[in-house]
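Here is a short note for a colleague who is meeting this structure for the first time. Please keep the sequence and the model side by side while reading.

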Amino acid sequence: LAIKFGLNGVYIPSFNNKINYGKSYSLPKSFKIIGSAHNSKEIIIKQKQSCNEIFLSPIFKTSKSKKFLDISKFNLIALNSKIECIALGGINHQNYKKIKLLRSSGFATISWAKKNGLRKLRPFLRI
């Protein structure tokens with residue numbers, strides 16, 4: 001559907017385990033497949049789905065989930081993965097300095113950015 005409408009990418013959530021993405025279609029060079037994962041098993045599935053990048057979450061403790069990766073586990077998963085990992089989940093004013101310790105190609109936060117704006121995020125932005 002994304003190719004049909006001429007979009008430049010598609011997002012595959014962690015619960016989607018179909019493996020035939022990317023290989024059965026002729027994709028444009030600028031087309032990106034981004035997925036999300038919560039553990040090593042899901043990362044292997046995302047590699048088979050030909051994802052270019054993965055949102056790996058939750059990194060820090062959140063109210064929605066009792067399980068979280070933390071810095072060491074995230075770094076181990078990112079190091080063993082062939083895909084670039086983006087940190088997601090639980091990033092707030094108390095732990096945003098820990099982001100520099102992660103082996104990630106970026107990070108994403110929604111609720112904290114809505115609450116504080118870009119003022120506290122500016123040191124991390126590459127402009």
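The points below go from the whole chain down to single residues.

1. **Basis.** This is a predicted model, in which local features need pLDDT of at least 70, side-chain atom pairs count only at pLDDT 80 or more, and totals for chains, interfaces and linings use all residues. Residues are numbered from 1 along each chain as its sequence is written, and side-chain values use heavy atoms, with hydrogens and water left out.

2. **Layout.** The protein chain has 3 helices and 5 strands. Their order along the sequence is β-β-α-β-α-β-β-α. Helices (H or I, at least four residues) and strands (E, at least two) are DSSP runs, numbered from the N terminus.

3. **Whole-chain totals.** The protein chain holds 127 residues, and 38% of them are buried. Buried means under 20% relative accessible area, exposed means over 50%, and partly exposed lies in between (1.4 Å probe, protein chains only). The accessible surface is about 8,800 Å². Carbon and sulfur atoms own 55% of that surface. Areas come from the Shrake-Rupley method with a 1.4 Å probe; for residues, only the protein chains shown count as cover.

4. **Contacts along the chain.** Take the contacts with a separation of 6 or more: 45% of them join residues 24 or more positions apart. Contact means heavy atoms within 4.5 Å.

5. **The sheet.** In what order do the strands of the open sheet run? The order is β1-β2-β3-β4-β5, and the pairing is parallel. Strands β1 (9–12) and β5 (106–108) are the edges, each pairing on one side only. From one strand to the next, the twist averages 25 degrees. Two strands pair if DSSP finds at least two bridges between them.

6. **One pair in detail.** Strand β2 (residues 32–37) runs parallel to strand β3 (residues 53–56), with 4 bridges between them. Gly35 has Ile54 of β3 as its bridge partner.

7. **Helices on the sheet.** Helix α1 (residues 40–48) packs on the sheet and touches β1, β2 and β3. The direction of α1 makes about 165 degrees with that of β2. Helix α2 (residues 70–80) lies across β3 and β4 (84–88), at about 160 degrees to β4. Axes are lines fitted to C-alpha atoms, for helices over the stretch in contact, and angles run from 0 to 180 degrees between N-to-C directions.

8. **The salt bridge.** How many salt bridges does a search of the whole structure find? It finds 1. Glu53 and Lys32 form a salt bridge through their side chains, at 3.7 Å from N to O. Glu53 is in strand β3 and Lys32 in strand β2, so the pair ties together parts 21 residues apart in sequence. Glu53 is buried at 16% relative accessible area, while Lys32 is partly exposed at 37%. The criterion is a side-chain nitrogen of Lys or Arg within 4 Å of a carboxyl oxygen of Asp or Glu. Side chains of opposite charge can pair when their charged atoms come close.

9. **Cysteines.** The structure has 0 disulfides, a disulfide being a pair of cysteine sulfur atoms within 2.5 Å. Cys51 is buried, with 8% relative accessibility. Cys85 is also buried, with a relative accessible area of 3%.

10. **Leu101.** Is Leu101 buried or exposed? Leu101 is exposed, at 55% relative accessibility. Leu101 sits in the loop between β4 and β5. Leaving aside residues up to four places away in sequence, Leu101 touches Ile71 and Asn75. Leu101 and Asn75 are 26 residues apart along the chain, and their C-alpha atoms are separated by 8.6 Å.
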